[in-house]
Amino acid sequence: MKTAAFLLTGLLFAATAGAAGTQAPAKADLVKGQAIATQMCVACHTADGSRGSPANPILAGQHADYLFKQLTEFKEGKRKNAVMSGMVAALTPEDMKNVAAFYASKTAKPGFAKDKTLVALGEKIYRGGISDRAIPACAACHSPNGAGMPAQYPRLAGQHSDYTELQLNTFRSGARANNASMVAIAAKMNDREIKAVSDYIAGLR
């Protein structure tokens, strides 16, 4: 009987330990995320990640998984940017998760295309790609309304055209190499096509 009781206790303990080991990770802390954003990010990305300088990305409403991935890749050196590498150097994975969730919790404000002469070309590329160069439609990955998909494909709708154009150019040159698909796609695009689709994306909603 004692042996049976001992075995039962052992099994119960093992089951409890196993259950504890499979618990879902703690949810992100938006208050801590806001504190980090206020202290470190506000100068470039504004208090809520909305429409700051066109040279910097709009973070409001961006997928938390995608933001976390980018912060991690800045920290690991997979994505090169001297300013961002310095900013994330002291952040823990938990810090990055919290600040990503904070920006994701905000609502992105709509933007506008600036160059009416390029709208038709930008829409054609975004929705249909460029078939003769095997350039896929942006909408295939980033969705027709630019909402994107968590982790892998960022939200694009309303993003600053200057920032999108810069990223496509850095993909094209190989200076940004943390997404092989985008490097291959951008390599086939010319300056006018990049400018057109970037401007179209700025007004997408």
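Which residues in H2 meet which residues in H5?

1. The model is predicted, so to speak of local features a pLDDT of at least 70 is needed, side-chain atom pairs count only at pLDDT 80 or more, and totals for chains, interfaces and linings use all residues. Residues are numbered from 1 along each chain as its sequence is written, and side-chain values use heavy atoms, with hydrogens and water left out.

2. Leu30, Lys32, Gly33, Gln34, Ile36, Ala37, Cys41 and His45 in H2 are in contact (heavy atoms within 4.5 Å) with Glu94, Asp95, Asn98, Val99, Ala101, Phe102 and Tyr103 in H5. By class, these residues comprise 8 nonpolar, 4 polar and 3 charged, where Ala, Val, Leu, Ile, Met, Phe, Trp, Tyr, Cys and Pro count as nonpolar, Asp, Glu, Lys and Arg as charged, and the others, Gly among them, as polar.

3. Helix H10 (residues 191-202) is mostly covered, with 9 of its 12 residues buried, that is, under 20% relative accessible area with a 1.4 Å probe and protein chains only. Among the buried residues are Glu193, Asp199 and Tyr200, and the cover includes helix H6 (119-128) and helix H8 (161-173).

Terms used: Helices (H or I, at least four residues) and strands (E, at least two) are DSSP runs, numbered from the N terminus. Buried means under 20% relative accessible area, exposed over 50%, partly exposed in between (1.4 Å probe, protein chains only).
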